[in-house]
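Today I am opening a new structure.

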Amino acid sequence: MLTVKQLSQLAHITPRTLRYYDQIRLLPPDAIGDNGYRYYSDASLLKLQQILFYRELDMPLERIKEIMDHDNYDLPRALEEHKNQLGKRITRLEKLIATVDLTLNYLQGEEKMNKKVLFDAFSDEQQAEMEKEAMQLYDPETVRESNRKWKNYSAAEKQKIGDEGNAVYQGFVDALSKGPDSVEAQTCVQRWREHMNYFWTPDIAQLAGLADLYNDDPRFKKNFDKIHPDLANFVREAVRIYVQNKA
């Protein structure tokens, strides 16, 4: 059995974090001694590892607790899923690095680059993963249905979806100088909404929430900032105007 101090040192987290996990009943201690010390068993070590894996994937604590408290929670299967998701993240980061290198070479005049290359890191599975993360905020069943839809697409269909997604974001970039209430920007919002039908069909409120997520979630905003520092906020403002007009 390990104390809070011992476990925090082993897991490289703060004692305060462990106390908070206890407070929200995410990771309560296995025993509390007469001296008031909390003690954790080997089973709790494995549970903490799972929590940290989920946090590495930027999952909210409330969602982690919901998953791990479920009667059907299976540790080996969860580990396989962690491995799968981390592998996807490695692939995504490698694509982003390659895109940054190409952009740097282009800016330095070392090579020509088609506009589409700027958006390669957003295409295909990356676009699907971004939408699925957003859907987790609303309904897990929607996520599962989206997974089923995506798996049924052929390679050619996935390529087409990725190309359309790139075109949508290129349209937003081209409309930046015209303003979020311009015909061009509002047309882009409509195309963006229609594009999401490949994965799921958000209602008006969810559409606005997704645009907010692009700005509030550092992972989403970082991707937009690589294209243009004003892009994420521009999309949000354009979507807000679109939603107001539809209300």
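I started with Asp181, which sits in the loop between helix 8 and helix 9. Helices here are DSSP runs of H or I with at least four residues, numbered from the N terminus. The model is predicted, so local features need pLDDT of at least 70 and side-chain atom pairs pLDDT 80 or more, while totals for chains, interfaces and linings use all residues. Residues count from 1 along each chain as its sequence is written, and side-chain values use heavy atoms, without hydrogens and water.

Is Asp181 buried or exposed? Asp181 counts as exposed, because its relative accessibility is 56% (buried is under 20% relative accessible area, exposed over 50%, partly exposed in between, with a 1.4 Å probe and protein chains only). Beyond its neighbours within four places in sequence, Asp181 contacts Gln186 and Ile241 (contact is heavy atoms within 4.5 Å). Asp181 and Ile241 lie 60 residues apart in sequence, yet their C-alpha atoms are 6.5 Å apart.

Next I checked a helix pair. Helix 10 (residues 204–216) packs on helix 12 (residues 231–246) at about 165°, with axes 9 Å apart (axes are lines fitted to C-alpha atoms over the stretch in contact, and angles run from 0 to 180 degrees between N-to-C directions). That makes the two roughly antiparallel (over 145 degrees).

Last, the cores. The largest nonpolar core has 32 residues, and Phe172, Trp192, Tyr214 and Val239 have the most contacts inside it (a core is a set of buried Ala, Val, Leu, Ile, Met, Phe, Trp, Tyr and Cys residues joined through side-chain atoms within 4.5 Å). Helix 12 gives the most, 8 residues.

Definitions and conventions: Angles under 35 degrees count as roughly parallel, over 145 as roughly antiparallel, 65 to 115 as roughly perpendicular and the rest as oblique.
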